[in-house]
Amino acid sequence: MSGKNISAIIYYEIDENRNLKITRDIIFPQLRTYNKPNEPDWKKYRAYFRKKIDAPFLAKMNQNDKVDFPTQIDSVEIDGMLTFYYTPVNGILFTKKIFPDMEKRLLVEQWELRNLEKEPKNLIFGTSKFTEEEIGHKGKYTFYCKKEANAWTVLPAKQIIKIPTYFGAFMKREFPSAFDAKSAYKSRMDFLSLMKENLELKTPNKVLNMLFYFAKIRAAESIFESSMGLVHSPGGGNYYCGIWANDQIEYSGPFFPYLNYAKGDTAAYNAYKMFLKNIPKGNDNIAYAFEMDGNFPMTHLDRG
């Protein structure tokens, strides 16, 4: 899943006892890091500031002098976001939803707690907050994780409370904007609604229709802010904030006008402009890519 300033790959496993193991690979495409001593020089083109987090991040919750924590997964939903539904524990239904902010450098993991009983519940939460710093090409980067929960919470009968955890990054002299899960959720839902309505495929095969919807999401969400303007990138854990000849010029570029997606049109235009500005003279090689935010020199191997 991606937004203009963040991308995330979520790995999860559910064992035979329906216990969930989850790893979040969180990538900040615009923030470039330095090579490690044992890495080849070409690795600088893939040196994104990224963090892998596998902690559960709903600090234990106390209820009536007992520790409650969701364990068994009931079902999983993939619909442009990732949602885990847990088997209820002591009258509380737990749901975890993961989604990117479409504008900010932020991934949201939001817990929803629903009181299934006729009496209110008095809940006590621990806190989760930490930061890590790293020096990169643009200066000091700070990765942060923050869970927003009131230490003492009353969950009314048949009501819901939402507890967001935020994963983000910022640079020196740049402070994170106000954490706002509602705004992030709305930005994602607005995007998904547009994807669902535009260029809908209707065939007798419902699976094929759904795959086409997922393909629209994946193509259109993978657009990033860069020094070249908005650019579409393949993603996949390795290719962000840059332009590659096949991916953008042959595939996503011609597709976006059919999708009627303005950001996609802009990204396609920016890709074509970049190649137009770099038409080689004589028999020089045709550029195959403009990587690393368009700012790192490329060897410009022949595209063919």
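A salt bridge is a side-chain nitrogen of Lys or Arg within 4 Å of a carboxyl oxygen of Asp or Glu. Keep that rule at hand for this tour.

This is a predicted model, in which local features need pLDDT of at least 70 and side-chain atom pairs count only at pLDDT 80 or more, while totals for chains, interfaces and linings use all residues. Residues are numbered from 1 along each chain as its sequence is written, and side-chain values use heavy atoms, with hydrogens and water left out.

**Stop 1: Glu103 and Lys4**

Select Glu103 and Lys4. They form a salt bridge, and their closest N and O atoms are 2.9 Å apart. The two residues sit in distant parts of the chain, 99 residues apart. Glu103 is in the loop between E9 and E10. Lys4 is in the loop between strand E1 (2-3) and strand E2 (6-14). The labels are DSSP runs, numbered from the N terminus: helices are H or I with at least four residues, and strands are E with at least two.

Are these two residues buried or exposed? Buried means under 20% relative accessible area, exposed means over 50%, and partly exposed lies in between (1.4 Å probe, protein chains only). Glu103 counts as partly exposed because its relative accessibility is 37%. Lys4 counts as buried because its value is 14%.

Lys4, Glu103, Glu225 and Lys263 are linked in a network of salt bridges.

**Stop 2**

Show E1, E2, E3 and E4. These four strands form an open sheet, in the order E1-E2-E3-E4, with antiparallel pairing. Two strands pair if DSSP finds at least two bridges between them. The edge strands are E1 and E4, and each pairs on one side only. Zoom in on E1 and E2. They pair in the antiparallel sense over two bridges. Which residue in E2 is the bridge partner of Gly3? Look for Ile6.

Stay with this sheet and select Arg50 and Asp25. Their side chains meet in a salt bridge (2.7 Å, N to O). Arg50 is in strand E4 (residues 48-53) and Asp25 is in strand E3 (residues 20-32), 25 residues apart. Arg50 is partly exposed, because its relative accessible area is 29%. Asp25 counts as buried, because its relative accessibility is 2%.

**Stop 3: the seven-strand sheet**

Next, show the open sheet of seven strands. What is its strand order? Trace E7-E8-E9-E10-E15-E13-E12, with antiparallel pairing. Its edge strands are E7 (73-78) and E12 (129-136), each pairing on one side only. The twist averages 15° from one strand to the next.

Select residues 92-100 and 106-115. These are strands E9 and E10, which run antiparallel and are joined by nine bridges. Within this pair, Lys96 stands opposite Trp111 in E10.

Contact means heavy atoms within 4.5 Å. Axes are lines fitted to C-alpha atoms, for helices over the stretch in contact, and angles run from 0 to 180 degrees between N-to-C directions.

**Stop 4: from helix H1 to helix H2**

Select Glu221 in H2 and Arg188 in H1, 33 residues apart. Their side chains meet in a salt bridge (2.7 Å, N to O). Both residues are buried. How many salt bridges are there by this rule? The count comes to 16.

**Stop 5: Ser226**

Move to Ser226, in the loop between strand E16 (223-224) and strand E17 (231-232). Ser226 counts as buried because its relative accessibility is 16%. Leaving aside neighbours within four places in sequence, Ser226 is in contact with Val231, Cys241 and Asp293.

Show the backbone of Met228 and Gly229. A polar atom of the Ser226 side chain lies 3.0 Å from the backbone nitrogen of Met228. A polar atom of that side chain also lies 2.7 Å from the backbone oxygen of Gly229.

**Stop 6**

Finish with Cys241 and Cys145. Cys241 is buried because its relative accessible area is 0%. Cys145 is buried because its area is 1%. How many disulfides are there? A disulfide is a pair of cysteine sulfur atoms within 2.5 Å. By this rule, the count comes to zero.

Methods: Polar contact = N/O pair within 3.5 Å; in protein donor to acceptor, adjacent residues only side chain to side chain.
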